Amino acid sequence: QVQLAESGGGVVQTGGSLRLSCAPSERMLTVAWFSQSPGTEREFIAAITRNGAAYYTDSVQDRFTISEDNANNMVYLQMNNLKPEDTAIYYCATGRTGSFFAARNYQYWGQGTQVTVSS
């Protein structure tokens with residue numbers, strides 16, 4: 001059983017920045033970030049593979065950066081120029097089978113961290 005722990009969420013104003021951290025108990029092939037707002041399904045934000053390839057959804061392409069610290073087994077999501085529509089719970093996930101972009105393809109999930117962007 002792989003466990004993941006997210007941290008770094010909080011409340012920021014529009015245009016502000018946050019860095020989310022994910023600590024997987026085991027580094028698997030892909031670690032991804034998803035967001036979920038009330039009443040919606042989890043949406044793909046970004047993913048990174050063990051060889052450093054990164055993938056983003058279009059809405060965050062120029063604002064968010066996913067990175068990893070292999071020495072400390074950490075994955076980060078740097079979120080810049082935050083907008084109110086970024087408000088959500090952010091989850092990291094691993095254990096992917098299939099497409100990067102579908103939440104159903106990930107087996108292990110963290111508990112999530114709340115990001116709130118005020119206007």
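**Salt bridges and the disulfide**

Two salt bridges are found when the whole structure is searched; the model is a predicted one. In one of them, the side chain of Glu68 meets that of Arg27, with an N to O distance of 2.4 Å. This pair links distant parts of the chain, 41 residues apart: Glu68 belongs to strand β7 (residues 64–69), and Arg27 is in the loop between β3 and β4 (30–36). The relative accessible area of Arg27 is 14%, and Arg27 is therefore buried, the limit being under 20%.

The other salt bridge joins the side chains of Arg63 and Asp86, at 2.7 Å from N to O. Arg63 is located in the loop between β6 (54–56) and β7, and Asp86 in the loop between β8 (74–79) and β9, so this contact ties together parts separated by 23 residues in sequence. Both partners are buried: Arg63 has a relative accessible area of 10%, and Asp86 has one of 6%.

One disulfide is present in the structure. It is formed by Cys22 and Cys92, whose sulfur atoms are 2.2 Å apart. Cys22 is part of strand β3 (residues 18–24) and Cys92 of strand β9 (residues 88–96); the bond therefore ties together parts 70 residues apart in sequence. The disulfide is right-handed, because the torsion about the S-S bond of Cys22 and Cys92 is about 70°. Cys22 counts as buried, at 0% relative accessibility, and Cys92 likewise counts as buried, at 0%.

Notes:
Residues are numbered from 1 along each chain as its sequence is written. This is a predicted model: local features need pLDDT of at least 70, side-chain atom pairs count only at pLDDT 80 or more; totals for chains, interfaces and linings use all residues. Side-chain values use heavy atoms; hydrogens and water are left out. A disulfide is a pair of cysteine sulfur atoms within 2.5 Å. Helices (H or I, at least four residues) and strands (E, at least two) are DSSP runs, numbered from the N terminus. Buried means under 20% relative accessible area, exposed over 50%, partly exposed in between (1.4 Å probe, protein chains only). A salt bridge is a side-chain nitrogen of Lys or Arg within 4 Å of a carboxyl oxygen of Asp or Glu.
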